[in-house]
Amino acid sequence: MFGEVLKHFREASGLTQEALALKIPCDRSQVARVEAGTRVPGEAFAKQCDEILRTGGVLERLWGRIDWYPEVQHPDWFERRAKMDAVAVALRQYQAQVMPVLLQSKDYAWGLFSDLASSERTEERVRARLSRQGRFLEEGGPLYVAVLDESCLRNVVGSAAVMRGQCAHLLDVGRRPNIRIQVAPAHRPGLIRPKTSMTLITLPKGEQWVYSESLDRGHFNDDPAVFSHHSQTYDVLRADALSAPESAALIGDFMERYGDHGQAPAERSDMEQEQLQRQQRRRLHRSGAHLDEEQLQRPRRRGLHRSGPRYPRLRPRS
């Protein structure tokens, strides 16, 4: 469908495939393959064609509405998980070291595959990753709760500029009503992390799966006892991690530091970490995020004397 619409506008503009390719610029074969429906175009390709052919943004809007998922290929061992993502009604995920695929920006995903020799192969891998995000980012998407270990923010992928963009991407998608992003800070006494990154998957008919990965293999387990155990671990972790607003403040702090210094924020001492948390709380109070909590505490403070218990004064009778 996308190829037919592109061909219509190209011919209406009086351009050949070669002429359009020169203006983009790209190989003529790329235009031919997109029109024939044998190659999935990138979003940038759609935007460029809109500008050149003066379509008023038709191709970009169409690109965003088409389900490109069947056109991408995942590693054989990952196909089962990809199919689950396509129908899942809820995902709860804990991730360490590297950003979850469903939250990666395009530049971050490219950075992960920068060691591949072929740029075309890199593009295919990145497209396969980003294709899984669509249904979670659209209006009315499935519930997705992600608890990120602070190492995900601290480990640099690509460059400081890429990490700054990744942090901005987290803040953007975290505003969606079906997505919650929380951070498990590096320095928090008593916080217990799972031994490995994992995902708790709920499917339409109520099936529940625990998913984790080794180097080149996905591990699935639908044993109710196993799911219950990991679900409890996850819920306790989520309760002890930073709240979503506090996490957004921390992500914003990382974004500023990547922009200011051009490098990853250094490890902080316990005192520095405590100071940062105080700054985050002040930022949250200024934004009104804790207004309800503060208003609830005011009556309690009024009932307390500054230096001790408050006793009623005995007033002389007139």
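This is a predicted model: local features need pLDDT of at least 70, side-chain atom pairs count only at pLDDT 80 or more; totals for chains, interfaces and linings use all residues.
Residues are numbered from 1 along each chain as its sequence is written, and side-chain values use heavy atoms, with hydrogens and water left out.

**Helix 1 and helix 4**
- Helix 1 (residues 2-12) and helix 4 (residues 43-53) have axes that come within 10 Å and cross at roughly 25°.
- That angle makes the two helices roughly parallel (the label covers angles under 35 degrees).
- The crossing of helix 1 over helix 4 is left-handed, meaning the near helix is turned anticlockwise from the far one by less than a right angle.
- On the helix 1 side, Phe2, Leu6, Phe9 and Arg10 make the contact, and helix 4 brings Phe45, Ala46, Cys49 and Leu53 (contact means heavy atoms within 4.5 Å).
- Sorted by type, the contact residues come out as 7 nonpolar, no polar and 1 charged.

- Six strands form an open sheet with mixed pairing, in the order 3-2-1-4-5-6 (two strands pair if DSSP finds at least two bridges between them).
- Strand 3 (179-184) and strand 6 (217-221) sit at the edges, each pairing on one side only.
- Ignoring direction, neighbouring strands here are turned by 15° against each other on average.
- Strand 4 (residues 198-202) and strand 5 (residues 208-214) run antiparallel and are joined by 4 bridges.
- Across from threonine 202 you'll find glutamine 208 in strand 5.

How values were computed:
Axes are lines fitted to C-alpha atoms, for helices over the stretch in contact, and angles run from 0 to 180 degrees between N-to-C directions. Angles under 35 degrees count as roughly parallel, over 145 as roughly antiparallel, 65 to 115 as roughly perpendicular and the rest as oblique. Ala, Val, Leu, Ile, Met, Phe, Trp, Tyr, Cys and Pro count as nonpolar, Asp, Glu, Lys and Arg as charged, and the others, Gly among them, as polar.
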